[in-house]
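Please look over the sequence and the model shown here. The notes that follow are grouped by topic and can be read beside it.

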Amino acid sequence: MPRFDLVIVGGGLASARAIKSFRESGGEGSIGLISKDSTLPYHRPPLSKKFLRGETDDEPLVEDQTFYADNGVEVMLETEVSSVDVRDRAVQLDSDRVEYRKLLLATGAWPRRLAVPGADLENVFTLRTVANSKAIREAAANTERAVIVGAGFIGMEVAASLRQIGKAVSQIHLGRWLFDRLGVEQLSDELAALYESNGVQLVLGNEVEAFHGNGRLEAVTTKNGRRVEADLAVVGIGVDPVTDFLDGSGIELENGVIVNERFETNIPDVFAVGDIANFFDPLFQRRRRIEHWSNANYQGTEVGKVLAGADGGFDTVSTFFTEVFGITIKVFGDARRDATVVVQGSLNDREMYALYGDENEEVIGALSVGQSENIEELLKQQIAAHAPLPSKVD
């Protein structure tokens, strides 16, 4: 039975960052990296942007193969963990068990699929992996009409990318706002105008009833009777944390894996980071789960320190970003949908920011478009200081 001092389950950015930080912090011993993906850990943002558009053919690896060899990591790709035995400190594979001294869970999240007729037709995709992005890119090369379902980060980015490579794009979204989770009506309205000016047909306040086709997608119908001709569809309606293999393990689960600010679970020597970590944020004194590149990058680095016995843990103003039609939108802190929002500037002018306030009228989050690094740092400082929310931004 193989045994490692550190076993990492999941092959994403957080895992690669954890390995690098662990070694740099003096962590010693053997490391086993188990991933059901067929590719070494990679960056996901390009999968809906440059990589999808064919602007690069290079897989966006976090580190190349030599990194893992140089750091004494045994990489097990296309390998899935079916269960975890915390009593015997082992993870169960299909035909083997792997023992650990410490265990890091970083399995990420998986896209939700629509439970409607035709969802399994050819050319109906979700986007999470390099393989998904390649498949969408290849399908787009032989199709002209695309439907994007959802107007969150993946849906908005894919819609923009497919339009930029010349596809006719329709975007169907159950809500009436684009990026509605950000809760900024002005931003949504200006984004809608931007998308429509770039040729995206928006179908808002509507829901997919079925995908149609004889083996391959030909059209999408909505519940209000609208029919959209399409030979390619990408569904981006959110993700769920991958934790099913932990059922019955004794590891506490609730909307992911419950961890403290040092990424420790309720089981000694078992840790979790990234998309699956429902972590305690000391800044807001509550639990959060964040599904973005910046969080995986930061948490992976911090947990590597903790695993090596150094100081580390969650102690930052969280950050995430998106880019559509050449415009980068950054979000800091806790941009809750139910927050009070004060806006300055306009997306139309490529210069805008917003402050989010809680029930105590304290700043808990901010949004930035076209702002300098100095301004963005000031926004984060206001969040960290729980500054009073102004009635308007000067």
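N123 has a relative accessibility of 10%, under the 20% limit, so it counts as buried. The residue sits in the loop between β7 (109-111) and β8 (124-125). The model is a predicted one.

- N123 has a positive phi, near 75°, and it is a residue other than glycine.
- F325 is not a glycine either, yet its phi is positive, at about 50°.
- The loop that holds F325 runs between β21 (319-324) and β22 (327-333).
- Is F325 buried or exposed? F325 is buried, as its relative accessible area is 15%.

**The protein overall**

- The protein contains eight helices and 25 strands.
- The C-alpha trace spans about 55 × 55 × 35 Å along the principal axes of the protein.
- Of the 394 residues in the protein, 55% are buried.
- Among contacts with a separation of 6 or more, 61% are between residues 24 or more positions apart.
- The protein has an accessible surface of about 16900 Å², and carbon and sulfur atoms account for 43% of that surface.
- There are 40 positive and 61 negative side chains in the protein.
- The centres of these two sets of charged side chains are 2 Å apart.

**Helix α1**

- Helix α1 covers residues 13-24, which is 12 residues.
- At 1.5 Å a residue α1 should span 16 Å, and the 17 Å between its end C-alpha atoms agrees with this.
- How many of the 12 residues of α1 are buried? The count is nine, so α1 is largely enclosed by the rest of the structure.
- The buried residues of α1 are L13, A14, S15, A16, R17, A18, I19, S21 and F22.
- These buried residues pack against several elements, including the strands β1 (3-9), β2 (31-34), β3 (73-76) and β6 (97-105).
- The buried residues of α1 also pack against the helices α3 (65-70) and α7 (293-307).
- G26 follows α1 and has a positive phi, near 95°.

**Helix α5**

- Helix α5 is made of residues 153-164, 12 residues in number.
- From the first C-alpha of α5 to the last is 17 Å, close to the expected 16 Å at 1.5 Å a residue.
- Nine of the 12 residues of α5 are buried, so the rest of the structure largely encloses this helix.
- The buried residues of α5 are F153, G155, M156, E157, V158, A159, A160, S161 and L162.
- Just after α5 comes G166, with a positive phi of about 90°.

**Helix α6**

- Helix α6 has 13 residues, 185-197.
- Its end C-alpha atoms are 18 Å apart, which agrees with the 18 Å that α6 should span at 1.5 Å a residue.
- Which residues of α6 are buried? They are L187, S188, E190, L191, A192, L194 and Y195.
- An α-helix has 3.6 residues a turn, so residues three or four places apart point the same way.

**E264**

- E264 lies in the loop between β17 (257-258) and β18 (270-272).
- E264 counts as partly exposed, with a relative accessibility of 29%.
- Leaving out residues up to four places away in sequence, E264 touches I258, V259, V270 and F271.
- E264 and Q344 are 80 residues apart in sequence, and their C-alpha atoms are 40 Å apart in space.

**Q381**

- Where is Q381 found? Q381 is in helix α8 (residues 373-384).
- Q381 has a relative accessible area of 43% and is partly exposed.
- Q381 and A230 are separated by 151 residues in sequence and by 46 Å in space, C-alpha to C-alpha.

Note on methods: Residues numbered from 1 in each chain as written. Predicted model: local features only at pLDDT ≥ 70, side-chain atom pairs only at ≥ 80, totals over all residues. Heavy atoms only, no water. Helix = DSSP H or I, 4+ residues; strand = E, 2+ residues; numbered from the N terminus. Buried < 20%, exposed > 50% of the residue type's maximum accessible area, 1.4 Å probe, protein only. Contact = heavy atoms within 4.5 Å. Areas by Shrake-Rupley, 256 points an atom, 1.4 Å probe, with all protein chains shown as cover. Lys, Arg positive; Asp, Glu negative; His and termini not counted. Charge placed at Lys NZ, Arg CZ, Asp CG, Glu CD. Expected span 1.5 Å × (residues − 1).
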